[in-house]
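Visitor: Pick one part of this model and take me through it closely. Then set that part in its surroundings.

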Amino acid sequence: MTLDVRLLTSPFDPPAELDQFTGQHPAAGGIVSFLGQVRIDTVESGAVEALELRHYEPLTQPGMQDLAHDANARWDLEGLLVLHRSGLMLPGDPIVLVAAAARHRRDAFAAADFVMDHLKSEAWFWKREKAGGTWRWIEPRDVDFADLARWQ
Amino acid sequence: MFLGRLEDLAGGAEKQVPAAPSIAEVIAALDPDLASALRQDRVRLAINGALVTDRSAHSLHDGDEIAFLPPVSGG
């Protein structure tokens, strides 16, 4: 069982990461992955030009690590990959890659889903977007908390 | 340290303040608008990188780092 959890401050290559992760887990019958990217979007003040994620060093990476341990304790996994960007990103840039490798597919689906719901609602990230030349902080969304309640 | 939207209110991500014995006194010495934002229940606190559950119970020492953490906006 391997947990690979990284907070990244520069761009990463999701296909290369996924290839490497897959190669490391030949005993897995299935690998479920989720890639989150900066969507091309338009808000009131215009097209979204950039997204910035901030983190707090002492809490963010340890929190991601704890989450990966929780997922591993709940499902029978061969490996879990959790990569998350911080810093400045442009539309189309990858933000997050989660991959769960398991002997059987249901464990992999559930673990990836669980990790994503918790990253979206509980991970120590603050996000702002730039549109029409102006930065605006993004507030938490109720739906993220509703997603979290699925696991309680 | 001011995270998220608190950074805009504080005019920067970090501020050095004179040593004070309690968190309440540190906050009281700041600009009133910023102070009232920091007093909100939904703003969490970390001292020297560790989350604080009861902010009134915590005594401070010279050189401590306080981080004010508004609700996270998710990854």
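Guide: Start with strand β1 of chain B, residues 44-47, which is joined to β2(B) by three bridges. The two strands run antiparallel. One pair to find by eye is B:I47 and its bridge partner B:A50, which lies in β2(B). Keep in mind that this is a predicted model.

Now widen the view to the sheet. It is open and has three strands, in the order β2-β1-β3 of chain B. The pairing is antiparallel. β2 (50-52) and β3 (66-69) of chain B are the edge strands. Each has a single partner strand, so one side of each lacks a neighbour in the sheet. Ignoring direction, neighbouring strands here are turned against each other by 35° on average.

Where does this sheet fall along chain B? The order of elements from the N terminus is α-α-α-β-β-β. That makes three helices and three strands. Along the principal axes, the C-alpha atoms of chain B fill a box of roughly 35 × 25 × 20 Å. For 75 residues, a compact globule would have a radius of gyration near 11 Å; chain B has 12 Å, so the two agree. Of these 75 residues, 23% are buried. Take the contacts in chain B with a separation of 6 or more: 56% of them link residues 24 or more positions apart.

Chain B also has a partner. Twelve of its residues are in contact with 21 residues of chain A. On the chain B side, the residues that touch chain A are six nonpolar, five polar and one charged.

In sequence order they read β-α-β-β-β-α-β-β-β-α-β-β-α. The C-alpha trace spans about 50 × 35 × 30 Å along its principal axes. A compact globule of 152 residues would have a radius of gyration near 15 Å; chain A has 16 Å, so it agrees with that expectation. Buried residues come to 34% of the 152. Among contacts between residues at least 6 apart in sequence, 77% join residues at least 24 apart.

Within chain A, look at strand β5, residues 79-85. Seven of its seven residues are buried, so the strand is largely enclosed by the rest of the structure. Both faces are covered. A:G79, A:L81, A:L83 and A:R85 lie on one side, and A:L80, A:V82 and A:H84 on the other. Strand β1 of chain A, residues 2-8, runs parallel to β5(A), with seven bridges between them. One of these pairs A:T2 with A:G79. With β7(A), β5(A) forms six bridges, and here the strands run antiparallel. The bridge partner of A:L80 in β7(A) is A:A100.

A:A100 leads on to the largest nonpolar core. This core has 46 residues, and A:A100, A:A111 and A:V115 touch the most other members. Strand β7 of chain A, residues 94-102, gives the largest share, eight residues. Leaving out residues up to four places away in sequence, A:A111 touches A:A71, A:W75, A:L77, A:L80 and A:A100. Nonpolar side chains tend to be buried together in soluble globular proteins.

Key. Residues numbered from 1 in each chain as written. Chains lettered and ligands numbered in written order. Predicted model: local features only at pLDDT ≥ 70, side-chain atom pairs only at ≥ 80, totals over all residues. Contact = placed C-beta atoms within 7 Å. Nonpolar A, V, L, I, M, F, W, Y, C, P; charged D, E, K, R; others polar. Pairing = 2+ DSSP bridges. Helix = DSSP H or I, 4+ residues; strand = E, 2+ residues; numbered from the N terminus. Axes fitted to C-alpha atoms, helices over the stretch in contact; angles between N-to-C directions. Core = buried A, V, L, I, M, F, W, Y, C linked by C-beta atoms within 7 Å. Buried ≥ 20, exposed ≤ 12 C-beta atoms within 10 Å, placed from the backbone. Rg over C-alpha atoms; globule rule 2.2 N^0.38 Å.
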